[in-house]
Amino acid sequence: MEERNFFERLVDISPGMEIWWDSSPVVFENWCKKILDKADPADRDLLQTQFSRMYDKDNPQDQLFRGVTTNPPLSLQAIQTNPAYWIGVAKDIVSENPGLDREGLFWKLYKTVVKAGSEMYLPLFEASGYKEGYLSGQVDPRSVFDKDAMIRQAEEIAAINPNVMVKIPGSKQGYEVIEYLTSKGIPTNNTLSFVLPQLVDCTDSVERGLETARRNGVDLSRWRSVITHMEGRFGNLGGLKDLAQEEGVELTDGEIRLAELAVFKKAYKYLLDNDRSSKMLACSLIVGPTVDGENRVWHLEEKAGANVVVTCPPTFIDKVLFLPGVEKISFDKDRILEDIPGKLMEKLMRVPYFERGYAEDGYTRDEYNTIPALQRTAEQFSKATDEMVDFAGKCLG
């Protein structure tokens, strides 16, 4: 096992890159224990040292993880790691709020998980001068098309702690909410975004919100904006391979990864060229492909040199740390600025789903809610949220 892991080496050559933890911080200690338990005994001391560099409450300015992304489904996972404790928390909430129903308990319980996680990153938030150490708390995924509900929820979430950033979906209604929240100086993370038109719309909405905020004298010292590209979901959940086959185009898994990266790279360059205030965030990353018998992580390798956020769930970090041959992977400086091969782009442009997703004007705002990846992701997140509501219901007795 290498002294400095894959993620640390990537950051070393990528000024401004931030690695974020894609789960509730309250599960980090338990995750470390599980990894150590399964690791080769000879690697445990090295792993423990690496874990201490990932999250360091005593020296937060030096730690690897610079922020956190969460949502109700991830908060449910946190609860499931220690159900007895969270049942006790839920019962305390009920005793303090007589007459609370299951939906009300769910929401208060969710905000409690957000608060616990955000407090773990407050030291980094303060040490960085309010630039890092944010935790993203998402509005209820079941409200993805309800502007008024999202605004109410967003304001509640933002009030939890000064380092809480609000995740807003890339629906038609979502961009109206992002512009509004930005005008109030509330930091945002645009989630459920898959195609270039959404990413461009988000940064435009943010700039309009900033204009309003500055005109009204709003304090922006604790504000920032990240725009999430759900890469693996654009390809896999969006059905890129099947849609390509319908056009007589056969795509390998590696070509699908490059298709996802093509959209991300174009958005990244758009923000650079237009001097935008937002920062790209990559999520839903996938390990692979295997090339000539060698394991690769193209979703990260192709971002070498990028001033972006990369959020990684525990399962993804686990896979990369123990990926056979991971120590052989080297990084090309400024790889983020290298174009996807022209021949592959010609092939991809024969697929309408990719062609529209790659064009700045490929979708109108009115069409965002029809994007397959958005619809399917919203359904998955809503179902997981319902499970958390069920947990709350059981706590009511």
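Modeller: Helices (H or I, at least four residues) and strands (E, at least two residues) are DSSP runs, and they are numbered from the N terminus. The model is predicted, so local features need pLDDT of at least 70 and side-chain atom pairs count only at pLDDT 80 or more, while totals for chains, interfaces and linings use all residues. Residues are numbered from 1 along each chain as its sequence is written, and side-chain values use heavy atoms, with hydrogens and water left out.

A pocket is an open set of points, on a 1 Å grid over the protein atoms alone, where a 1.4 Å probe fits and where protein lies on both sides within 12 Å along at least five of seven lines; its lining residues have an atom within 4 Å of a point. Grid points are joined across faces, edges and corners, and a volume is the space filled by probe spheres set on the points.

Let us begin with the largest pocket, whose volume is about 850 Å³. It is lined by 34 residues, and those nearest its centre are Asp22, Leu74, Gln77, Pro313 and Thr315. Two or more lining residues come from each of helix H2 (28–38), helix H4 (72–81), strand S6 (225–230), strand S7 (279–283), helix H14 (314–321) and helix H17 (372–395). H14 provides the largest share, with five residues. When the lining is sorted by class, 16 residues are nonpolar, twelve are polar and six are charged, where nonpolar means Ala, Val, Leu, Ile, Met, Phe, Trp, Tyr, Cys and Pro, charged means Asp, Glu, Lys and Arg, and the others, Gly among them, are polar.

The strands S6 and S7 also belong to a barrel, in which eight strands close in the order S1-S2-S3-S4-S5-S6-S7-S10 with parallel pairing; two strands pair if DSSP finds at least two bridges between them. From one strand to the next the twist averages 30°, the axes being lines fitted to C-alpha atoms (for helices over the stretch in contact) and the angles running from 0 to 180 degrees between N-to-C directions. Strand S1 (residues 18–21) and S10 run parallel and are joined by four bridges, and here Trp20 stands opposite Thr311 in S10.

The second largest pocket has a volume of about 420 Å³. Of its 21 lining residues, Pro25, Val26, Phe28, Glu29 and Asn30 are the closest to its centre. H2 and H4, together with helix H3 (44–54) and helix H5 (83–96), each give two or more residues to this lining. The most comes from H2, which supplies six residues. By class, this second lining divides into eleven nonpolar, five polar and five charged residues.

Lys33 forms a salt bridge with Asp37, with 3.2 Å between the closest N and O atoms; a salt bridge is a side-chain nitrogen of Lys or Arg within 4 Å of a carboxyl oxygen of Asp or Glu. Because Lys33 and Asp37 are four residues apart in helix H2, about one helical turn separates them. Lys33 and Asp37 are both exposed, on a scale where buried means under 20% relative accessible area, exposed means over 50%, and partly exposed lies in between (1.4 Å probe, protein chains only).
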